[in-house]
Amino acid sequence: MDAAEFRRRGKEMVDYVADYLENIENRPVFSDIEPGYLRSLIPTEAPLEPENYEDIIKDVERVIMPGAASPACTELETVMLDWLGKMLQLPESFIAGTHGSGGGVIQGTASEATLMSLLAARCKAIRRVQAVNSTYSESDILGKLVAYTSEQAHSSVERAALIGGVMMKKVPTDNNYAVRGEMLKGIMEKDKAAGLIPFYFCATLGTTPSCAFDHITELGPLCESSSCSCRHSHILFFSVSQKQLDYKALVRFAGHI
């Protein structure tokens with residue numbers, strides 16, 4: 001799209017919005033579609049070639065507008081992130097698909113994404129503990145949950161723990177400012193012995209001060225085995241990148257999440 005077409009299409013989009021507002025009374029107040037309707041209307045893989053503007057606008061009317069009164073955009077995000085997951089060759093557990101076992105949506109900032117991942121991990125950890133011991137209240141469990149991150153991590157990670165109302169411990173790093181498996185393992189074992197419940201670790205891929213990478217190929221298997229060996233433990237990873245990633249290492253790491 002060159003500058004001339006960009007101007008023309010921009011004016012057309014303003015007209016589209018104006019027409020929508022001017023004729024809004026002709027559109028249904030409530031949509032009659034069911035949750036999940038959108039997935040069957042668009043491809044399961046990202047297109048290899050770009051589409052022209054006219055076809056995109058037709059898809060907006062055909063796919064998005066029928067669900068405009070419901071979270072159509074969220075459903076679109078979920079499908080498109082499935083596209084991304086498949087392009088990165090992530091494990092099947094990362095894909096929402098038709099079963100809803102994985103997937104995700106786009107957050108406004110990395111800070112929001114960190115908070116959402118921590119809240120999701122907290123919710124799942126509480127459910128797992130209560131499934132084992134139904135006498136534990138949510139407040140009983142919250143006081144024992146402990147999260148971890150690198151001492152080099154961005155301040156938004158610590159802030160997420162404050163908002164989520166959980167304890168967070170910073171893991172020391174090696175001479176290259178990266179967290180290693182044995183460092184996290186030592187802290188976790190002490191916390192488990194003290195009756196705490198490890199449930200979350202935020203790995204950093206490109207630390208704020210030095211752009212260092214945590215040793216994710218050590219940390220992934222450690223957290224996977226910890227989740228299996230400790231009945232109360234459930235650890236999720238969330239990574240924040242500030243430079244080009246080694247995608248092969250990231251995919252190997254993702255298999256342990």
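Is Lys86 buried or partly exposed? Lys86 is partly exposed, with a relative accessible area of 32%. The views below come from a predicted model.

**View 1. Glu45 and Lys86 form a salt bridge.** The two side chains meet at 4.0 Å, N to O. Glu45 sits in the loop between α1 and α2, and Lys86 in helix α3 (residues 72-87), so the pair ties together parts that are 41 residues apart in sequence. Glu45 is partly exposed, at 43% relative accessible area.

**View 2. Arg9 pairs with Glu5 within helix α1**. Their closest N and O atoms are 3.3 Å apart. The two residues are 4 residues apart in the helix, which means a separation of about one helical turn. Arg9 is buried, with a relative accessible area of 10%. Glu5 is partly exposed, at 22%. Both belong to a network of salt bridges that also links Glu12 and Glu54.

**View 3. Glu158 and Lys170 join a helix to a strand**. Their side chains meet in a salt bridge of 3.2 Å, N to O. Glu158 lies in helix α6 (residues 155-164) and Lys170 in strand β2 (residues 167-171), 12 residues apart. Glu158 is partly exposed, with a relative accessible area of 38%. Lys170 is partly exposed too, at 45% relative accessibility. The whole structure holds 12 salt bridges.

**View 4. Negative charges gather on the surface**. The patch is formed by Asp15, Asp19, Glu22 and Glu25. Glu25 is placed in the loop between α1 (3-22) and α2 (53-64). Its relative accessibility is 59%, so Glu25 counts as exposed.

Notes: Residues numbered from 1 in each chain as written. Predicted model: local features only at pLDDT ≥ 70, side-chain atom pairs only at ≥ 80, totals over all residues. Heavy atoms only, no water. Patch = residues over 30% accessible without salt bridge, like charges linked within 9 Å, V, L, I, M, F, W, Y side chains within 5 Å. Areas by Shrake-Rupley, 256 points an atom, 1.4 Å probe, with all protein chains shown as cover. Lys, Arg positive; Asp, Glu negative; His and termini not counted. Charge placed at Lys NZ, Arg CZ, Asp CG, Glu CD. Buried < 20%, exposed > 50% of the residue type's maximum accessible area, 1.4 Å probe, protein only.
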